[in-house]
Amino acid sequence: MTNPWSWYSDGEVWTLEQERIFARSWQYVGHAAMLQQTGDFFTARAGRIPIVVTRAEDGETRAFVNVCRHRGSVVAEGAGNRKTLQCPYHAWTYGLDGRLRAAPRADFDLDEVGLAPVRLERWGPFLFVNAGDDAEPLAETLGEVTAQVAELGLDVDALRFHHRSEWTVAANWKVVAENFLECYHCAVAHPSFTALVDVSPDAYRLEVGRLYSTQVGPARDGETRSQFHFVWPNTGINVFPGEPNLSIGPIVPASTERTDRFLDYFFGAGVEESWIAELLELDDQVGREDTALGERVQTGVASGALSEGRLLREAERLVAHFQGLVREALMADSL
């Protein structure tokens, strides 16, 4: 059986997830090209935690909780290039190394406070943060994902950033994640995708690791493969058949029934724009279909009419794995 459907709209569960999942796990926030120059910065979220990632004068990239140590205002917004980050509330000013540089009328030693640091690690150009105090290395969470991508002959360091796509889904983050984690619905809901990828049970392979899962589908032309990886708790990685390509992005819980999403798209240096345009048109179509599916599920599970659903043991075993990780993180017997 599924996890209780009440978990997909309950505010107390959502708060527990922020504390026990998103405040202590690795999440994708951006890529190295966003920090090419000294003074570059960008903002993101790890669950509900505001994050700012910087490149300071010493050339180091760092990540911090993007919250002023004075009265709690968010400090930085968007992305750009600056010598310092200044809180718009009372003008407390921080260096890109996190140190407090100025605070009007301060009656304390400025070295006593600074932006709270968070762990920042990378896989190739992909940047991940973890706000947990005892975070294991990112490589432990990624598991075999990096090797599986390399098996395709895809050199992630040679990929070039193309663009970022952003959208919102009117559904709980777990609904969005679970939709990503199965292709049982693909033959029904994604005709353009299934025309490209063989999703039959004998061809479409599912793999489960400790904190990741993988879907592998051969292209119908028989020459290339696709890979779709999910890294706990909310990072999706897509590699479509054909030319060198990869998209990566988080499933960010915005509220009990709203999820913010973005995908960063990367392609090989020699990939023609016409091929990229065709792939993006396909991916946009699949994304719009998935958004509609997720919002329909949210309407159903949040109705309160039924308490749970039933999973298929094989076709939905990645969903079952994910739901097990959710239960483990929340210690379900205490809910």
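A crossing of two helices is called left-handed if the near helix is turned anticlockwise from the far one by less than a right angle, and right-handed if clockwise. With that in mind, welcome to this structure, where the crossing of α4 and α8 is right-handed. It is a predicted model, in which local features need pLDDT of at least 70 and side-chain atom pairs count only at pLDDT 80 or more, while totals for chains, interfaces and linings use all residues. Residues are numbered from 1 along each chain as its sequence is written, and side-chain values use heavy atoms, with hydrogens and water left out.

**The helix pair α4 and α8**

- Helices here are DSSP runs of H or I with at least four residues, strands are runs of E with at least two, and both are numbered from the N terminus.
- The axes of α4 and α8 lie 9 Å apart, and the two helices pack at an angle of about 150°; axes are lines fitted to C-alpha atoms, for helices over the stretch in contact, and angles run from 0 to 180 degrees between N-to-C directions.
- This angle makes α4 roughly antiparallel to α8, a label for angles over 145 degrees.
- On the α4 side the contact (heavy atoms within 4.5 Å) is made by Trp-173, Lys-174, Ala-177 and Glu-178, and on the α8 side by Val-319, Phe-322, Gln-323 and Val-326.

**The nonpolar cores**

- A nonpolar core is a set of buried Ala, Val, Leu, Ile, Met, Phe, Trp, Tyr and Cys residues joined through side-chain atoms within 4.5 Å; buried means under 20% relative accessible area, exposed over 50%, and partly exposed in between, with a 1.4 Å probe and protein chains only.
- The largest nonpolar core has 45 residues, of which Phe-193, Val-199, Tyr-204, Phe-230, Trp-232 and Phe-322 touch the most other members.
- Elements giving two or more residues to this core include α1 (11-20), α4 (173-180), α7 (273-301) and α8 (317-330), and α8 gives the most, with 7 residues.
- Beyond its neighbours within four places in sequence, Phe-193 is in contact with Cys-183, Cys-186, Val-199, Phe-228, Phe-240, Leu-282 and Val-286.
- A second, separate core of 21 residues has Tyr-28, Trp-123, Ala-135 and Leu-154 among its members.

**Two serines in loops**

- Ser-73 sits in the loop between β4 (61-65) and β5 (79-81).
- Setting aside neighbours within four places in sequence, Ser-73 is in contact with Asn-66, Val-67, Cys-68, Cys-87, Pro-88 and Tyr-89.
- Ser-200 is found in the loop between α6 (191-196) and β12 (205-208), and counts as partly exposed because its relative accessibility is 29%.

Definitions and conventions: Angles under 35 degrees count as roughly parallel, over 145 as roughly antiparallel, 65 to 115 as roughly perpendicular and the rest as oblique.
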